[in-house]
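Hi everyone, thanks for coming along. Could you bring up the sequence and the structure, so that we can walk through them together?

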Amino acid sequence: MKKRFLLLAVAAFSLMVAGCERPTPDPEPGPGPEPGPGPEPVVTLYDIAVQLVSEGSNLAIEGIPMTLTDESGMATYDGTTDAGGAAAFKVPAGTYAASATYKTAEDGQRIAYNGSNSSISVAEGSTSFQINLNKVVSQQIIIKELYSTGCQYKAANKTYSNDGYIILYNNSDLPADASDIVFCFSAPYTSFASGGNKYIVDGKFLFESEDWTPAFGGMLWFKNPVEIPPYSQIVIAVFGAIDHTQTVEESVDLSDPSYYWMSNTDIPQWTMAKYTVAETIPIEHYMSGAAFVMGTAWALSNNSPAFYIGKMDSAQAKALCENADEYDHTLGNGAANNVVKFPRANVVDAVEVWSAANMEKCYYRFSADINTGYVAITNNQGHTAYRNVDKEATEALEENAGKLVYDYAGGTESEVNGSTDPSGIDAEASIAAGAHIIYSDTNDSGKDFHQRRVASIKK
Amino acid sequence: MKKRVALVTIFLFCVFSANSFAQKYTISGTISEKASGRPVEFATIVLEGSELWAVADSAGRFSISGVPAAKTILNVSCLGYVPWSREVQISKDIKDLSIKLDLDNLALESAVVTAQEDANSATTARTIDKTALDHVQVMNVSDISALLPGGATQDPTLTAEKQFNIRGGSAEGGNPSFTTAVEVDGVRLSNNASFTNIVSGSNTFKGTNTNNIASSNIESVEVITGVPSVEYGDMSSGVVKINTRKGRTPLTVTMSSSPKTKQLSASKGFALGHHKDGSSRGVINGSLEYTRSVSEPMSPYTSYDRKQLSLTYSNVLASGRHARYPLRISAGVTGNLGGLDNEADPDKHAESFIKNRDNSLRGNFEANWLLSKPWITNLEIKASAVYSDKLQRENSPYSAAVSSTSLHALAEGYYLAEDYSATANNDAVRIAPGHWYNTMCLDDRPLSTKLSVKTNWAINGAIANNKVKAGLDWTMDKNFGRGVYSEDLASAPTFRTWDFSKVPAMHNMAAYLEDNFMLHLGGDSRLNLIAGLRSDNTYIPKSAYGLTSSLSPRFNLKYTMFTPATRHKEFLKEFSVRASWGVAVKQPSFSVLYPTPSYLDINVFTSTADAYNNVNRAYYVVPRTIEYNPALIWQRNHQAEVGMDLNLGGTRISLAGYYNKTLHIFTTEDFYEPMSYTETQVSAVQGLPIAANDRIYSVDPTSGAIIVSDVTGTHAPITAEGITRKRFINCYTEENEINPITRMGLEWIVDFARIQPLNTVIRLDGSYYQYKNLFIDETPYYPTNKASYDGSLYKYIGYYYGEHSQSNGKVSKSLKTNLTITTNIPSVRMIVSLKLESALLTYSRSLSERLDGSQRSYVLADKSDVLSYIPEASIYDGECYTVFFPDTYASIDDPTRRPFLEDLLKTREEDPQKYADLTNLIVPGTTYNYTFLKDYISPYFSANFSVTKEIGDMASISFYANNFFNNMGQVYSSKTGNYSSVSSYIPRFYYGITLRLKFN
């Protein structure tokens, strides 16, 4: 019994050694099998090509790494695509699995190509194969946090809401160009306006069959190029880019030099005194915009905004804002109710906020292709709409090992209509620990956002 | 023509000459209380045709001499007694006439609790007496409007101002409440000198607030809704005459309670004894009232208080040297302390409060001298003064995250905010970030004085008598208030001082002459013609208005065919018809003449904030021009009325139809002037070489240039680059509206014959009312807070026919009826009434049309395209979306008016940028498709119940329950298709109780 076992072991070892031998590169690759060196076992190598295909066409991108693994998993072959999107291998006959992954960013969108083919049977006459890649598109730039609903001003026994801000976040591992991001909110500007949402007729949005979504009040954009590094953010002050805590202890400091300011300098009718900027904010961070509704300020709701960001260069955005012939007047008469038709295809991200105190009166303002669901906010409490963490994706990042902080306690689940981040990951604490956070991006505000108790930038 | 004049002259001579200098007689007798036989001292006896009068002495004796031979009506009245009236034929001396008066209480079958028509008046006038006032427990005298035909009960709280609106709606144009005169004991409660009688945010002027008129001491209220005597000026809608208790009265204590209002009052009138010669020293009547009303019973903290003391002295000097020419004098003073106060309200912001004083001091003197001369019968002199203290104090919280600026500059120029200094002029005060309170005050202290002399001359003939009334009135209105100010300028918000006391007084001298001619046509038949002319001359020295004169002719004609006096057994017991026409002129108030100065404050620079959020702000201050229009004329009302009274088998029917046209309505109108200014953006000072902490900002007061200096002296001052902006500024002028407002209506009262077995009377009263207002004055409009296509401030101004809105007028109609069932049970001295109030028709429709009837708005074929209008389609034909265009427009760079629609159509293709700008002047009516639909509100009802019970002669108790079915239903609007709560139209269930104690 022992003898037999020993013989089998020697045979197996011999086979393994032979199988693991890395083929010698052929200086002159040829189409046919190479003659063996005499009595030793002859291993015939075949030249094969694996073409990457996406959405029915060759993905003609050079340099995409590809791996070929034999059936046993003992042998792997690495290659890269040529300009036509094909990778070449020289392998023995057999069945192989090939896989490829490619990530890129286009127009502010994060695009990942993933695919594999486990049926690559290399044999005489069978040398061309394909990998069909799935194309997964997600936004690079997302709304990480929206704070427009004000806080208490206990010393004065009142509330305070001049301290709104927006955080844009690069939800990818590639730098994101935010230069063409425009800032808008939908109409009606509150979620529970008396008279309801005039855009909803028979349960459908009037604009649903067309290609636009309402933009109300005005539109803002950057004046200068803005790039957001991977897994990083920028903060944009809505009205007062100052240290509000100097006056209102419960508020936030928006005077950090890295912050941006939705300036009124290019919009002469926005004359409200709440437009102030700290000396610390560089002039390059002053934003521009256009108003198409009468008013003295951008009327972002302080209790239930339907806020969104879109992609459009500033010249195009300005022209859109000023094209009175294309205004929509569903909301009512005159210049006080002008609504700009913003192309839905250009919408990058959106968040629908409902007033927690008026839930029974609230209605949606985005069509389902932009956003479903809502996040409820109780206004005047310093609460914000904060993005939930994509737990699976975040945990999958190797660099996050040991850096993620759990047991998130910043939510408001104990409040009426409150909510918290179901991932349990404390994003801000994790970021502070060096982790990279990938936030949930399902186009459902109910799944993507929760009501955060304290603004994330509040120290 | 000459022949006609001669004939009339001869006729009048014949009528009067025979008797004018004929023998005169004396009427004398005694007046006593029927039940006890006690003499009724101070009872007044008036001979209606001759204007002769007397007052009973302590023994109840009276004597009137010089009475011409004629048929006349003898009227006797005294507080606490039922008025007595008889027609008597004077053909000899009448001695020992014994008149016995009934005590006025519920033991009488004739007690009434509704408004009574004044049967002898040639115009429409109604009186509500003490019994009715007590029965409905009036807390605010304006609540008696509910007793007029078609009147509706209102929420009886005092925390909201209330005014009389005679034949007009409170929300209507033409200032119906402002043009209604209110008098207390002949003292006009004018608010002409007030600066606060303008309805905030509107173009409407309010009438006299009736909240500070004590209700417990009112003896009667007469409401003249028709064409009044020329004696009454400075009004154009009607006259409300409130008479308080005078003379000797027992001590009366009244306690009232309702969920919102509590009242405690006491009054007593006592004689001061007699002189040695037996003549009276006079009577003083004093009244004290405390009333407290809250706006919300569940949170009874915001309250209105009324603490009023009233003293009236009256006497008749009829003995000694006055025996032949008795003189009746009275003098009164009334002081009121009170107002609105919400400081105790825990629901409001911590230390904030509103305290609005409603203090007043009224004084009056009146002397009526019976001269009985052939050329003068009575001489009456009246003097009165009403001073009001309407100081409003409001303590409010303020806060600012960055330093804020309060502007107080009065002159045009650029100002940079600086910290408050007690020694500086503080044109622009910088207030540090944080939170604070400040008390702002509006000090309005109007004074109205009046001096009047009136004579009358009665001539009595066999078939006619004639009374001529002539008088002179001088009134002076002046305000002594400080106007707007702050109790702490260092933390005050932006405001401008405007000292009301520096506004010159307004004087009005009026003269009037009225002839009241009565022709007896045999039997009860008579013809009464009253013709009068009033001339008002208003002079405002040291103002642009100067002298403004106006004439008010008025005519009343009444033909009486039958009176009940002689037709007890006939089915047609009474029949009379009347017609009136007249002009009544309303003087303006100071709110009309002097609009509050207004300023355009443009923030032209805001620096960056330092670490403590301090910023430097500069403003361009532009006083808005106010044109004191010297061409302004006084608002007037042309009134026409016809009426009829008849009595059919005991059912009395009174009808009055009227047509009123209000002309030259006071209105404040805008006009615009182009302007430019320099703005410096914050980016212009960013990056300057001077370190932020070393900067000192200043502004050139003329050019607006921002200059940044270096506190260290390292750098030379730098002038920041500015931008020139251009815009329009709106200014004000007082105008008279071009198009009149018309009102017409029909009022009826049907008092069915008393159901004797039940001792019940049923009254059916009501009113049909129609109102039309079409505003056609050109209105300019400039959209502020709007940019032009090129990024500059908006550069166009539109000129609109009528208002800058979809509609420029309104027509409304209403039909209201009341059914009142009153049962009197004299045996138990109780009276019970049930009133069903109904609004059977409530209709309104918005108008958008020109004076020639053509429409000024257009129907849209496609509501998303404002140029898809259909010129030939009517906006009144069903549901439609509409659009309204200005007639012309002008630009900031070229004041030439251009046709709007023509240019709009042209620029749509040729100049899209200008087209985009012009569209901002369009008024699209695309929100609702029912703007011009007829709006019928479904009928609604309310039922009120009142009961009054006297307990002996000492006490009485009244209880009422309004809307006692607690109607909380809904009404339907045919225009919107929506249902809404009826509580917008009728008060909620409400009740109250009053206990009166009388100590004889």
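Let me start with one term: two residues are in contact if their C-beta atoms, placed from the backbone, lie within 7 Å. With that in hand, look at chain A. Among its contacts with a separation of 6 or more, 73% are between residues 24 or more positions apart. Please keep in mind throughout that this is a predicted model.

Let's stay with chain A. What does chain A contain in the way of helices and strands? There are 5 helices and 30 strands. Along the principal axes, its C-alpha trace spans about 95 × 50 × 45 Å. The radius of gyration of chain A is 29 Å, while a compact globule of 459 residues would have one near 23 Å. Of those 459 residues, 49% are buried.

Chain A is divided into two parts: domain 1 covers 44-138, and domain 2 covers 140-452. How far apart do the C-alpha centres of these domains lie? They are 41 Å apart. Where the domains touch, 6 residues of domain 1 are in contact with 10 residues of domain 2. On the domain 1 side, that gives 1 nonpolar, 3 polar and 2 charged residues.

Now zoom in on a hairpin in chain A. Strand β3, residues 65-70, and strand β4, residues 76-80, run antiparallel and are joined by 5 bridges. One pair to find on your screen is T67(A) with its bridge partner D78(A) in β4(A). There are 5 residues between the strands, and in this hairpin G73(A) takes a positive phi near 80°.

Next, please find helix α2 of chain A, residues 314-322. Which of its residues are buried? They are A317(A), K318(A), L320(A), C321(A) and E322(A).

The box filled by the C-alpha atoms of chain B is roughly 110 × 65 × 65 Å along the principal axes. Why does its radius of gyration agree with that of a compact globule? Because a globule of 1000 residues would come out near 30 Å, and chain B has 33 Å. Buried residues make up 44% of chain B. As for contacts in chain B with a separation of 6 or more, 69% of them join residues 24 or more positions apart.

How confident is the predictor here? Chain B has a mean pLDDT of 90, with 97% of its residues at 70 or more. Residues 10-21 of chain B, however, have a pLDDT below 50, and beyond near neighbours in sequence this stretch has 17 contacts in the model. For the model, the scores are ipTM 0.72 and pTM 0.82.

Last, let's see where the chains meet. In this model, 43 residues of chain B are in contact with 39 residues of chain A. On the chain B side, the elements giving two or more residues are β22 (392-400), β27 (434-443), β35 (599-606) and β56 (923-925). Which of them gives the most? That is β56(B), with 3 residues. By class, the chain B side has 18 nonpolar, 21 polar and 4 charged residues.

Note on methods: Residues numbered from 1 in each chain as written. Chains lettered and ligands numbered in written order. Predicted model: local features only at pLDDT ≥ 70, side-chain atom pairs only at ≥ 80, totals over all residues. Helix = DSSP H or I, 4+ residues; strand = E, 2+ residues; numbered from the N terminus. Rg over C-alpha atoms; globule rule 2.2 N^0.38 Å. Buried ≥ 20, exposed ≤ 12 C-beta atoms within 10 Å, placed from the backbone. pLDDT = per-residue confidence, 0-100. Nonpolar A, V, L, I, M, F, W, Y, C, P; charged D, E, K, R; others polar. Domains from an automatic or database assignment. Pairing = 2+ DSSP bridges.
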